[in-house]
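Subject: Structure handover

Hello,

Here is the structure I promised to pass on. Please open it first, then read the notes below.

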Amino acid sequence: MADETPQIKTGGEAVVNALIENGVDTVFGIPGIQLDPLYDAFYHKRNQVRMIQTRHEGGAAFMAMGYAQSSDKTGVFAVVPGPGLLNAMGAVCTAEGANTPVLGITGQIPSDQIGLNYGIAHELRDQLAMSRGVVGWAKRADHAVEVPGMLSEAFTYIRSDRQLPAIFEMAPDGFASRGPVSTLPAAPVSAGPAVDAGQIERAAARLATAERPAIFIGGGVYGSEAELMTFAERLQAPVIDSVSGRGAFPSDHPQYFNTMAGQKIWESIDCAIAVGTRFLPQTLVWGRAGEIDVVRIDVDPRQIVKPEPAEYPILAPAQSGLAALTAALDEAPDRSAHLAACVDAREAAEEELRGLGAWYDYNAAVRNALPRDGILVVDPAQFGHYARYAFPAYHPKTVLGAGYQATLGYAYPASLGAKLANPDKKVVCVAGDGGFMFSAQEMAVAAQQGIAVVCIVFDNAGYMNVKMIQDRRFGGRNIATELQNPDFVAFAESFGITAERAT
């Protein structure tokens with residue numbers, strides 16, 4: 001229990017203390033002169049906070065992201081300012097796009113030189129402005145006494161309705177400053193807005209007349225799997241997941257449909273129920289064909305109206321919204337004929353997937369080898385694009401990707417973070433040769449820390465997604481797509497990692 005009696009601490013000690021109070025037990029990062037007092041504080045709490053030193057700041061932030069994506073924890077990284085933070089920001093913008101709770105801690109140049117553009121090592125014109133161009137919360141603490149309140153604010157933001165990343169910075173003299181520091185209780189996880197009975201009543205009345213409904217889910221449904229199952233079975237409707245909501249509804253349930261099958265039934269439905277999803281493909285790409293009314297459950301008042309308002313909005317967390325909507329439903333009409341017609345579409349989609357040949361077979365091979373609760377982490381390579389839409393997922397947070405940013409180099413470090421967050425689960429990373437080489441240096445971390453992740457690298461000596469587009473749309477005018485690769489087996493073995501080549 002937090003003790004609010006102030007104690008004299010340094011700014012670095014105050015930061016580490018706040019992390020511990022908020023349940024943080026692992027930090028990824030790289031030390032540096034601007035962070036020396038902070039890392040000294042980590043040293044003194046090394047039995048409470050595990051420090052995983054990485055080989056690149058981007059690797060640290062991606063590991064923090066994978067750690068958070070695969071668990072109910074906040075991922076934390078600590079890197080030097082300027083180029084160090086800039087190296088990490090590709091991962092931070094990926095976490096922003098994937099609604100992932102990540103806290104980035106960074107340093108600054110000495111506080112009396114900030115903004116003067118002297119040409120100090122790791123100086124940026126305006127580091128906070130840079131951070132605020134990516135995340136919604138970025139602040140600097142100037143003294144130790146400010147740290148508890150500011151980090152409490154940061155964690156409150158991170159644990160808000162949408163679970164987003166934040167950046168906290170402090171100058172080296174701030175980390176070294178001493179003062180009376182209070183220990184505040186952990187920031188709460190947002191409960192979200194209360195369910196509006198009127199919104200529920202209107203939506204339930206529409207569902208009572210829906211003959212061919214379908215449910216579309218995204219990452220906002222995580223944590224409400226039981227309520228989703230009850231609602232779906234009561235409604236007798238197909239459930240289509242997005243790439244961010246994989247595993248929330250098990251792929252072997254008879255009412256489950258992947259995105260390809262969902263697109264095939266889109267024009268036949270009369271009511272879509274969108275739960276915790278941006279709902280962009282359906283609205284912007286598939287089009288609101290025919291007379292499709294939308295019931296939408298979303299926790300964020302800014303998101304629920306994008307890209308266009310739903311006819312029946314329910315501003316609420318998925319868990320309470322689904323529970324209230326289920327309770328308000330009258331006895332469902334028999335929709336077995338609707339489900340049967342949807343199954344035909346699902347089988348047609350499966351046949352098209354089989355037509356992809358090798359990618360279908362590769363995904364089946366990995367699925368057959370991976371336990372039901374195993375975690376698959378994929379880069380946006382050809383295997384990954386297939387897997388994010390069609391790889392069977394049976395548990396929530398077990399198929400992880402880079403969100404809408406489609407960031408190459410994400411998968412390998414993210415898989416290391418996922419394994420550290422889930423030491424009892426098998427973790428498999430699949431990357432192309434191009435993306436893997438963005439982060440291959442993190443094999444040193446896997447070897448040093450004994451992180452047992454299986455990584456499959458497809459060595460086809462090129463950026464093959466780009467090459468495919470150049471072949472199809474630009475007459476085969478291939479440019480900048482061929483790659484010179486190392487011997488990946490020898491490369492891995494040079495780090496002390498067991499490696500094999502599959503033929």
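This is a predicted model: local features need pLDDT of at least 70, side-chain atom pairs count only at pLDDT 80 or more; totals for chains, interfaces and linings use all residues.

I start with a pocket. Strand β18 gives the most, with five residues. The space in this pocket comes to about 1,200 Å³. Its lining counts 39 residues, and the closest to the centre are Val454, Cys455, Ile456, Val457 and Glu500. Sorted by class, the lining has 30 nonpolar, three polar and six charged residues.

Look next at β15 (residues 375-378). It pairs with β16 in the parallel sense, over two bridges. Val377 stands opposite Leu400 of β16.

Ala381 sits in the loop between β15 and α15 (382-390). Setting aside neighbours within four places in sequence, Ala381 is in contact with Gly432 and Asn465. Ala381 and Phe436 are 55 residues apart in sequence, with 9.9 Å between their C-alpha atoms.

**The six-stranded sheet**

Another open sheet has six strands, in the order β11-β10-β9-β12-β13-β14. The pairing here is parallel. At its edges stand β11 (256-257) and β14 (312-315). Each has a single partner strand, so one side of each is left without a neighbour in the sheet.

Strand β9 (residues 213-217) pairs with strand β12 (residues 271-275) in the parallel sense, over five bridges.

**Cavities**

How many cavities of 30 Å³ or more does a search of the whole structure find? There are two.

The largest cavity has a volume of about 70 Å³. Its lining is Ala14, Asn17, Ala18, Glu21, Asn22, Pro148, Ser152, Ser182, Thr183, Leu184 and Pro185. Two elements give two or more residues to that lining, α1 (11-21) and α6 (147-158). The largest share, four residues, comes from α1. By class, the lining of the largest cavity has five nonpolar, five polar and one charged residues.

The second largest cavity holds about 40 Å³ of space. Phe279, Thr283, Arg288, Val294, Arg296, Pro307, Glu308 and Ala310 line it. These divide into four nonpolar, one polar and three charged.

**Backbone points to check**

Most residues other than glycine have a negative phi, and most peptide bonds are trans. Two places call for a look.

Pro307, from the lining of the second largest cavity, is joined to Lys306 by a cis peptide bond. Omega there is about -10°. Pro307 is in the loop between β13 (293-298) and β14.

Asn117 has a phi near 55°, a positive value in a residue other than glycine. Asn117 lies in the loop between β5 (102-106) and α5 (127-132).

**The whole chain**

The chain has 20 helices and 18 strands. Its radius of gyration is 24 Å, close to the 23 Å that the globule rule gives for 503 residues, so the chain is as compact as a globular protein of that length. Along the principal axes, the C-alpha trace spans about 70 × 60 × 40 Å.

Best wishes

Technical notes
Residues are numbered from 1 along each chain as its sequence is written. Side-chain values use heavy atoms; hydrogens and water are left out. Two strands pair if DSSP finds at least two bridges between them. On a 1 Å grid over the protein atoms alone, a cavity is a set of points where a 1.4 Å probe fits but cannot get out, and a pocket is an open set with protein on both sides within 12 Å along at least five of seven lines; lining residues have an atom within 4 Å of a point. Grid points are joined across faces, edges and corners, and a volume is the space filled by probe spheres set on the points. Ala, Val, Leu, Ile, Met, Phe, Trp, Tyr, Cys and Pro count as nonpolar, Asp, Glu, Lys and Arg as charged, and the others, Gly among them, as polar. The radius of gyration is taken over C-alpha atoms; the globule rule is 2.2 Å times the number of residues to the power 0.38. Contact means heavy atoms within 4.5 Å.
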